[in-house]
Amino acid sequence: MLKYWKGVLVLAVVLLFVLQAAPVAFSQGSPPTPTPRPDQGALCVSAAGEASDYSEQVPKLIILDTTGSMQAIDNETTGQTRFDLAVDGLRSYLNDVPDNTPIGLRDFTGSSCSQGGQIRVPIDTGNRTDLLNTLETSQATQPIDYLSPNLIAAEEDFDASGYGSGPKEVLLVADGGDQCNNDPVAVARNLVDQDPDLRIFVLGFDVEPNSSIESVLQEIADAGNGAYIPVGSGDSLSRALGLDVRVSYQVYQEGSSSPIYNSVANYEAQYLMSGTYEVSVPTRRVERQRVEIRRGRGTTLFVDEDGDTRIDDDDGACYRGIV
């Protein structure tokens, strides 16, 4: 019996040594994580700029994905679905927006691609109560992603509400693409070509990084002269909607032609394996800025309006998730 327990003890010691010595199986090219793992550091991107084009007074149309896929359980602990979390984030955002902000709500309610989508609350000021009440009764039960029909109808919604001229924003909250045999990227491009004052921002809710769905949503945002923002919780959705300056950036593994992550500045810290990466900020004419990520440290890339950059490679606030 004594020999048995000695053997168990030796085996336990060997296993402990192996676990401590073994490298963590995350590649440098892996997508970032929202919280730090071993051998990771943080990357933050901070973009200074005028917020006039994104001010709270710019008319906004929220398009909310109400398809069945939004009913996927997102939080196993609470049992909340993607849709529950999206509604929580929208509720928080709407409670903080001034009453003089023109906002409307459209969703995917419909019976066919020709009639897909419905304006639930027309774009107007002082309609916070209507927006909140409508969100409370909304359900994610639609079988089809009526994405393109909703984008096409957005311009009509602005015109019908008297906000057809001047800057305006579409805020699309979705977890999927289009199922109406339309090209949503071409639709977005056509809308902006017809109305250069329109910007389309896409908030991909719990969308897998580097997936085909994220690629389509990113392309819609690019074609819509806006930005793609990945969100995974009600809190992150609320913060993303409330950004004053929305400047897109892409993160590449050094030497790679495909980004491992897309996001916007001033938003969230992203945790990456230690190593060398490259960051592009297209609207600021920053192409493949080299940054070094070190374990347990934060690296912040600062970009001003002229595209000049500065790097703080020991930013403790960034590592703690403060951008």
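# Packing, pairing and burial in a predicted model

Visitor: Is S138 to be classed as buried or exposed?
Guide: In this predicted model, S138 has a relative accessible area of 9%. A residue counts as buried under 20%. S138 is therefore classed as buried.

Visitor: Which residue has its backbone oxygen 2.7 Å from a polar atom of the S138 side chain?
Guide: S138 lies in the loop between α3 and α4. Leaving out residues up to four places away in sequence, S138 touches F83 and R120. The backbone oxygen lying 2.7 Å from a polar atom of the S138 side chain belongs to T134.

Visitor: How are α2 and α3 oriented to each other, roughly parallel or roughly antiparallel?
Guide: Helix α2 spans residues 82-96 and helix α3 residues 128-137, and their axes are 10 Å apart. The angle between the two helices is about 170°. Angles over 145 degrees count as roughly antiparallel. The orientation of α2 and α3 is therefore roughly antiparallel.

Visitor: How many residues in the contact of α2 with α3 are charged?
Guide: From α2 the contact draws on V87, L90, R91, L94, N95 and D96, and from α3 on R128, L131, L132, L135 and E136. Of these residues, 6 are nonpolar and 1 is polar. The number that are charged is 4.

Visitor: Which strands stand at the edges of the open sheet of 6 strands?
Guide: The sheet has mixed pairing and the order β6-β5-β2-β7-β8-β9, and its twist averages 15° from one strand to the next. An edge strand here has a single partner, so one of its sides is left without a neighbour in the sheet. The strands in that position are β6 (118-124) and β9 (228-231).

Visitor: Which residue of β9 stands opposite G204?
Guide: Strand β8 (residues 198-205) and β9 run parallel and are joined by 4 bridges. In β9, the residue opposite G204 is P230.

Visitor: What angle does the direction of helix α6 make with that of β8?
Guide: Helix α6 covers residues 212-223 and packs on the sheet, where it touches β7 (168-174), β8 and β9. Its direction makes an angle with that of β8 of about 160°.

Visitor: Which residue in the turn between β13 and β14 has a positive phi?
Guide: Strands β13 (residues 275-281) and β14 (residues 286-293) pair in the antiparallel sense over 6 bridges, with V279 opposite Q289 in β14. The two strands form a hairpin with 4 residues between them. The residue with a positive phi, about 60°, is R285.

Visitor: How far apart in space are A42 and R295, C-alpha to C-alpha?
Guide: A42 is placed in strand β1 (residues 40-47) and is buried, with a relative accessible area of 0%. Leaving out residues up to four places away in sequence, A42 touches several residues, among them Q270, I293, R297 and C318. In sequence, A42 and R295 are 253 residues apart, while in space their separation is 8.2 Å.

Visitor: Does Q115 count as buried or exposed?
Guide: Q115 is found in the loop between β5 (103-107) and β6. Apart from neighbours within four places in sequence, Q115 is in contact with T109 and G110. Its relative accessibility is 52%, and the cut-off is over 50%. Q115 therefore counts as exposed.

Key: Residues are numbered from 1 along each chain as its sequence is written. This is a predicted model: local features need pLDDT of at least 70, side-chain atom pairs count only at pLDDT 80 or more; totals for chains, interfaces and linings use all residues. Side-chain values use heavy atoms; hydrogens and water are left out. Axes are lines fitted to C-alpha atoms, for helices over the stretch in contact, and angles run from 0 to 180 degrees between N-to-C directions. Angles under 35 degrees count as roughly parallel, over 145 as roughly antiparallel, 65 to 115 as roughly perpendicular and the rest as oblique. Contact means heavy atoms within 4.5 Å. Ala, Val, Leu, Ile, Met, Phe, Trp, Tyr, Cys and Pro count as nonpolar, Asp, Glu, Lys and Arg as charged, and the others, Gly among them, as polar. Two strands pair if DSSP finds at least two bridges between them. Buried means under 20% relative accessible area, exposed over 50%, partly exposed in between (1.4 Å probe, protein chains only). A polar contact is a pair of N or O atoms within 3.5 Å; within protein, one must be able to donate a hydrogen and the other to accept it, and residues adjacent in sequence count only if both atoms are side-chain atoms.
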